[in-house]
Amino acid sequence: MEGSPVLLYGEAEGMVQSLQSFPLRETGSGGWFRQHEYMEKLNMQSILNASSGQEEIIKDLLVTHGKIPTLIRELISVEIWKMKVFPVLCQLQDFHPRSTFPLYMVIHHEATIINLLETIFYHKDVCESTEDLALDLTDYCHRKLIALVSRSSAGIPGQDRMLPAAASETSSLEDLKQQAEALEFDIAVKCISVLRYITDHTDSLPLSVTTRLLNTHNLPCVLVELLQNCPWSRRIKGQLQKYESGRWVSVPAEDQQKMTKLDGQVWISLYNLLLRPECQQKYNINNFIKGQLVKLRSFLTDVLVDQLPHLVELQRFLSHLSVSEPAPPQKGLILEQVPEVWDAIVRENSGKWKAIAKHQVKNAFSPSEEDLHQQAQRWAQTYSMDVMETLVPDKPKCGSCGSEASKRCSRCQSEWYCSRQCQVQHWEKHKKSCDLVSDAMKKLKEER
């Protein structure tokens, strides 16, 4: 994955230094959108650096300038916006946007930030630089995993991820809700990796993080539920598919017992939470928890252990746990930090959700034709097609039927099709975005 960088060092440093936390009311404002574009570029550059084994300058800049807490605040802010403001906005009778493109950018913002955090959180210095917001990030990831468990327990399959380019189409608010739902699955599976990296570094984080992971959220039992439901695996017409690198891929029979990255992240998290000394001292295992954890023994097959040999130690721990009585709960005064970001944002905006929605409809989500063209122009500039192709590991999919595609729209270069027939069928939905993006690309070429 080599090629021209998305950002030069000076550009990246300027963008990182400018990152700030926006009030919820300013979500979707001009300054907010500018920062969103910065984060998209920082995210893409971070992926390129990590994938090609280059120096991870984005990670270093974010840590040096103390911006990891800013990312966490913005992550939780847009999560609250999606839960509290977006539903109200969709119900406003006088809101009939000519394009849902700006709204999708806000919805996609959360996926951008968690993707950036997933890429850089492997490093210990990033975990340590969360400062007091490690608890807030832990709570955020726990919320996403609980939602993922609930969906999979209810038999709701993970949806195909929709790449940002697909969202430039003018669509109804109902379509936008479906796009938001598809992104929720992708966000949740990235939270699995972020939590794994947190469990790697519990000895370097505040003790409250370990207590919250184990006793407040009982994360080991949540992970057992995830392994039982395995939401990153599904069958379509009898064909097993697994979710890898942001896409559902068909798995041949000979590879069906092969561990995926997500399986590995869950097992490593369990290993850390159950066997690391600082975790064993904190975890109060009662009879219910014992019963849940012992279920893991049926998953620890020889094939699995061969792929991740460290799990032999976990196997021994579970064997011992199955024949022993849980220790009595620890007593004593426990003082711990509590997360603050969610409560602070909700408290500040409580009772104002409708007013915020109306303000944003008027000032952010009803752009003129000229504004739409300017946004599309920035979009085309941010998402260089050459760069995007290096970030997508699999072959593109048809915008109409979802099959593997080899033909790209000649005008906008942003949509793919498997056949001329699919392109014709999809034209009514694609026409508006095609006009916007192709016009923007044309202007960019003229300026150069």
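The model is predicted, with local features requiring pLDDT of at least 70 and side-chain atom pairs counting only at pLDDT 80 or more, while totals for chains, interfaces and linings use all residues. Residues are numbered from 1 along each chain as its sequence is written, and side-chain values use heavy atoms, with hydrogens and water left out.

Me: Why is lysine 237 called exposed?
Reply: Exposed means over 50% relative accessible area, buried under 20%, and partly exposed in between (1.4 Å probe, protein chains only). Lysine 237 has 88% relative accessibility and therefore counts as exposed. This residue lies in the loop between strand E1 (233–236) and strand E2 (239–244); strands (E, at least two residues) and helices (H or I, at least four) are DSSP runs, numbered from the N terminus.

Me: What makes asparagine 218 buried?
Reply: Its relative accessible area is 17%, and the cut-off for buried is under 20%. Asparagine 218 is found in the loop between helix H9 (207–216) and H10. Its phi is positive, about 50 degrees, although the residue is not a glycine.

Me: Why are the buried residues of H13 said to line one face of the helix?
Reply: The buried residues of H13 (residues 287–294) are Ile289, Lys290, Gln292 and Leu293. Seen down the axis, they fall within an arc of 165 degrees, so they line one face; the arc is that of the directions from the helix axis to the C-beta atoms. Asn287 and Phe288 are exposed on the other side of H13. The cover over the buried residues includes helix H10 (219–229), helix H11 (261–275) and helix H15 (311–322).

Me: What puts the buried residues of H1 on the same side?
Reply: In helix H1 (residues 9–18), Ala12, Met15 and Val16 are buried. They cover an arc of only 100 degrees around the axis, which puts them on the same side of H1. Helix H2 (30–52) and helix H3 (57–64) are among the elements covering them.

Me: Which residues make the contact between H4 and H7?
Reply: Contact means heavy atoms within 4.5 Å. The axes of helix H4 (residues 68–91) and helix H7 (residues 134–153) come within 10 Å and cross at roughly 40 degrees; axes are lines fitted to C-alpha atoms over the stretch in contact, with angles running from 0 to 180 degrees between N-to-C directions. The contact is made by Ile72, Leu75, Ile76 and Glu79 of H4 and by Asp136, Leu137, Tyr140, Arg143 and Lys144 of H7.
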